[in-house]
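Subject: Structure handover and notes

Hello,

Please find the structure below. My notes come after it.

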Amino acid sequence: MRRRSLLALPFAAPLASPALVAAQERALNLYSSRHYDTDRALYEGFTAESGIRIRLIEGDADQLIARIQSEGANSPADVLLTVDAAKLARAVEAGILAETRSETLQARIPAHLRAADGQWYGLSSRARVIMYDKQKGAPAGVARYEDLALPVYRGQILIRAAAHPYNTSLMASLLLANGAEAAEAWARGVVANMARPPQGGDTPQFQAVAAGVGRMAIANTYYLARFGASANAQEKALYDRIGVIFPNQGAGDRGTHVNVSGAGVVRSSANQASALRFIEYLSSQRAQELFANGNFEYPVVAGVAPHPALTALGSFRADQLNAQRYGALAPEALRIMQRAGWR
Ligand SMILES: [Fe+2]
């Protein structure tokens with residue numbers, strides 16, 4: 001009998017068994033500002049398929065970006081996952097994301113929903129729409145974002161604060177479509193038409209529409225769709241009561257502004273190939289269903305069905321403006337809004 005006593009081995013050897021080292025390496029650190037229950041099932045699916053565990057580090061997007069920056073070359077982060085093009089653009093500007101190339105992702109994700117150099121890939125999208133009270137009917141003459149600035153809608157518009165990235169992204173899309181002068185005039189018109197100074201998130205805007213505070217709310221689709229799937233009768237009733245206008249749908253018009261949730265491989269990651277494989281996994285049919293439906297968003301991959309509560313809001317054509325372009329213009333968009341008196 002060959003005896004290899006543990007005591008004969010160097011002191012640290014039992015801790016560094018090859019199997020254990022391999023197990024430690026078969027993990028990715030995901031820095032995420034998304035926190036939905038369904039995301040867990042999503043990550044388990046990747047582990048089942050690849051043998052790679054996902055360690056989730058949650059935080060607010062700005063915190064996570066700052067943390068990766070301060071950790072520098074030693075950052076344990078492999079993948080950054082966040083919502084909003086402006087946040088993704090900020091991560092690009094911070095220099096923390098790696099340029100990547102993936103034929104799978106290029107084929108599956110439309111070009112306007114990913115960075116051209118592969119620094120990030122959109123994984124779900126949301127539309128910023130105009131909501132109204134069906135009991136009062138659709139506001140006459142409102143078909144475009146531009147219409148919201150018309151003087152006939154004085155005191156009718158409900159929208160959150162300027163500084164929120166959903167608004168800076170929308171504003172940046174108007175800036176790119178119409179130029180700086182028209183964009184500022186639009187912002188002034190919207191401010192003049194506000195039913196009240198901006199307060200609260202997207203949901204309180206359409207709640208205020210039903211309460212008669214204003215006639216139109218600007219909000220992201222998933223906030224309303226979420227109520228459509230709610231077990232709470234009041235929320236379900238509100239969902240049934242609110243109508244949606246998808247702006248800029250006319251022939252030749254640019255389409256409705258959409259924003260993204262997306263992920264990128266962290267530049268300092270020692271596991272870039274696995275990290276990209278994880279993002280590719282998130283674009284698979286099954287993962288897209290879980291990912292998008294976890295927050296009632298639109299899948300980015302064609303042929304994957306959104307949640308029925310979202311589909312029921314209506315179909316639309318999306319603005320094809322690249323999210324990296326408008327995301328990068330967020331600071332300028334905010335300055336325009338602030339100049340226009342949008343708090
Ligand atoms: Fe949100």
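The notes go from the whole chain to single residues.

This is a predicted model: local features were taken only at pLDDT of at least 70 and side-chain atom pairs only at pLDDT 80 or more, whereas totals for chains, interfaces and linings use all residues. Residues are numbered from 1 along each chain as its sequence is written.

Overall

The protein chain has 15 helices and nine strands. Helices (H or I, at least four residues) and strands (E, at least two) are DSSP runs, numbered from the N terminus. Taken along the principal axes, the C-alpha atoms fill a box of roughly 95 × 40 × 35 Å. Of the 343 residues, 46% count as buried. A residue is buried if 20 or more other C-beta atoms lie within 10 Å of its own, exposed if 12 or fewer, and partly exposed in between, with C-beta atoms placed from the backbone. Two residues are in contact if their C-beta atoms, placed from the backbone, lie within 7 Å. Among contacts between residues at least 6 apart in sequence, 78% join residues at least 24 apart.

Domains and core

The chain is divided into domain 1 (21-124 + 260-304) and domain 2 (126-257 + 324-339); these bounds come from an automatic or database domain assignment. Their centres, taken over C-alpha atoms, are separated by 28 Å. The contact takes 12 residues from domain 1 and 14 residues from domain 2. On the domain 1 side, helix 4 (residues 85-93) provides the largest share, five residues. That side of domain 1 divides into eight nonpolar, one polar and three charged residues. Here Ala, Val, Leu, Ile, Met, Phe, Trp, Tyr, Cys and Pro count as nonpolar, Asp, Glu, Lys and Arg as charged, and the others, Gly among them, as polar.

A nonpolar core is a set of buried Ala, Val, Leu, Ile, Met, Phe, Trp, Tyr and Cys residues joined through C-beta atoms within 7 Å. The largest one has 101 residues, and Val79, Leu80, Met131, Met171 and Ile279 have the most contacts inside it. Strand 4 gives the most to this core, with seven residues. Both domain 1 and domain 2 give residues to the core, so it lies between them.

Strands 4 and 7

Strand 4 (residues 121-133) and strand 7 run antiparallel and are joined by four bridges; two strands pair if DSSP finds at least two bridges between them. Isoleucine 130 stands opposite isoleucine 245 in strand 7. Strand 7 (residues 242-245) is covered on both faces, with Ile242 and Val244 buried on one side and Gly243 and Ile245 buried on the other.

Among the buried residues are Tyr166, Leu170, Met171 and Leu174. Not counting residues up to four places away in sequence, methionine 171 touches Ala183, Ala187, Ala333, Ile336 and Met337. At 1.5 Å a residue, helix 6 should span 20 Å, and its end C-alpha atoms are 20 Å apart, which agrees; the expected span is 1.5 Å times one less than the number of residues. Just after helix 6, glycine 179 takes a positive phi of about 90°.

Helix 9 (residues 221-228) has seven of its eight residues buried, so it too is largely enclosed by the rest of the structure. What covers its buried residues includes strand 4, helix 8 (202-210), strand 6 (216-220), helix 10 (233-241), strand 7 and helix 13 (308-311).

Single residues in loops

Asparagine 248 is found in the loop between strand 7 and strand 8 (258-265). Phi of asparagine 248 is near 60°, a positive value in a residue other than glycine. Asparagine 248 is buried, with 21 other C-beta atoms within 10 Å.

Phenylalanine 296 lies in the loop between helix 12 (285-293) and strand 9 (298-299). Its phi is near 55°, again positive in a residue other than glycine, and phenylalanine 296 is buried with 24 other C-beta atoms within 10 Å.

Alanine 161 is in the loop between strand 5 (157-158) and helix 6 (165-178). With 14 C-beta neighbours inside 10 Å, alanine 161 counts as partly exposed. Leaving aside neighbours within four places in sequence, alanine 161 is in contact with Pro198 and Arg343.

Regards
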